[in-house]
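Visitor: I have a model open and would like to work through it. Let us take it piece by piece.

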Amino acid sequence: MPPRQRLTPADRRAQLLTVGARLFAARPYADVLMEEVAEEAGVSRALLYRHFPSKHALFAAVYQQAADQLLAGTRLDPADSLVEQLVQGMDLHLGYFVANRNAVLAANQVLAGDPVIQTIMTNELDMLRARLLTVLPLADDTTREAVSGVLKSWLVFVQVLCVDWLTHETCTRTQLRDICVGAVLGGLRPLIPELE
């Protein structure tokens with residue numbers, strides 16, 4: 001065990017999240033032990049459990065942090081090309097999915113029915129949809145409602161397709177990205193003909 005460092009509670013929590021994220025990325029959820037997280041962080045199990053009362057709580061915090069970072073890194077601006085923004089957002093997400101395959105599979109398979117994890121994913125998808133709605137040229141409220149439904153369905157499609165790809169890798173990462181971008185453009189063009 002590395003020598004213990006005195007950290008503020010916020011810094012200790014950040015350290016534990018970093019260690020947890022690394023371990024959840026490296027191994028399947030079932031193989032990550034809280035004792036190992038404590039050991040790698042150089043803290044007692046009691047201190048770890050003070051910050052995160054369970055492995056589930058640690059995983060949820062790690063996944064929430066990842067969702068927040070992905071949202072912060074996704075660039076959406078009405079002045080920029082929609083296609084370029086979609087490609088950038090997909091590349092960012094796919095980069096995270098590849099680097100954190102075990103964590104993504106845990107959230108979408110092992111913990112698929114877990115309400116806390118599902119809320120994190122639903123909130124991220126809802127935020128992405130809301131942000132996409134702000135950059136699209138929507139003629140009226142009826143079009144906005146229809147586009148919102150298409151985006152909601154597309155985001156679920158992307159989620160399911162990416163989880164399947166992480167499991168089977170049936171195409172290249174670039175092909176996966178282009179399939180996802182092409183699907184949303186195809187779905188939106190009947191509603192927004194002026195899309196590039």
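Visitor: Does Val-83 count as buried, partly exposed or exposed?

Guide: The model is predicted, and every value here is computed from it. Buried would need under 20% relative accessible area, and exposed over 50%. Val-83 has 26% relative accessibility, so this residue counts as partly exposed.

Visitor: Where is Val-83 found, and how far is it from Leu-185 in space?

Guide: Val-83 is found in helix H5. In sequence, Val-83 and Leu-185 are 102 residues apart. In space, their C-alpha to C-alpha distance is 8.3 Å.

Visitor: What share of the contacts in the protein with a separation of 6 or more comes from residues 24 or more positions apart?

Guide: Contact here means heavy atoms within 4.5 Å. Among contacts with a separation of 6 or more, residues 24 or more positions apart account for 67%.

Visitor: Which pattern does the protein follow along the sequence?

Guide: The secondary structure comes to nine helices and zero strands. Read along the sequence, that gives α-α-α-α-α-α-α-α-α.

Visitor: What span should helix H1 have at 1.5 Å a residue?

Guide: H1 covers residues 9–26, which is 18 residues. The expected span is 1.5 Å times one less than the number of residues.

Visitor: Which helices are included in what covers the buried residues of H1?

Guide: The buried residues of H1 include Leu-16, Leu-17, Val-19, Leu-23 and Phe-24. Arg-12 and Gln-15 are buried there too. Their cover includes H2, H3, H4, H5 and H6.

Visitor: And which helices are included in the cover of the buried residues of H4?

Guide: H4 has 19 residues and reaches 27 Å from its first C-alpha to its last, close to the 27 Å expected. Its buried residues include Leu-58, Phe-59, Tyr-63 and Leu-70. What covers the buried residues of H4 includes H1, H2, H5, H6 and H7.

Visitor: Is H7 parallel, perpendicular or oblique to H8?

Guide: H7 and H8 pack at an angle of about 135°, with their axes 10 Å apart. Roughly perpendicular runs from 65 to 115 degrees, and roughly antiparallel starts over 145. The angle therefore makes H7 oblique to H8.

Visitor: How many nonpolar residues does the contact of H7 with H8 have?

Guide: H7 passes H8 in a right-handed crossing. H7 brings residues including Met-121, Leu-125 and Leu-128, while H8 brings Val-147, Leu-151 and Trp-154 among others. By class, the contact has three charged residues, two polar and, for the nonpolar, nine.

Conventions
Residues numbered from 1 in each chain as written. Predicted model: local features only at pLDDT ≥ 70, side-chain atom pairs only at ≥ 80, totals over all residues. Heavy atoms only, no water. Axes fitted to C-alpha atoms, helices over the stretch in contact; angles between N-to-C directions. Helix = DSSP H or I, 4+ residues; strand = E, 2+ residues; numbered from the N terminus. Parallel < 35°, antiparallel > 145°, perpendicular 65-115°, else oblique. Left-handed = near helix turned anticlockwise from the far one by under 90°. Nonpolar A, V, L, I, M, F, W, Y, C, P; charged D, E, K, R; others polar. Buried < 20%, exposed > 50% of the residue type's maximum accessible area, 1.4 Å probe, protein only.
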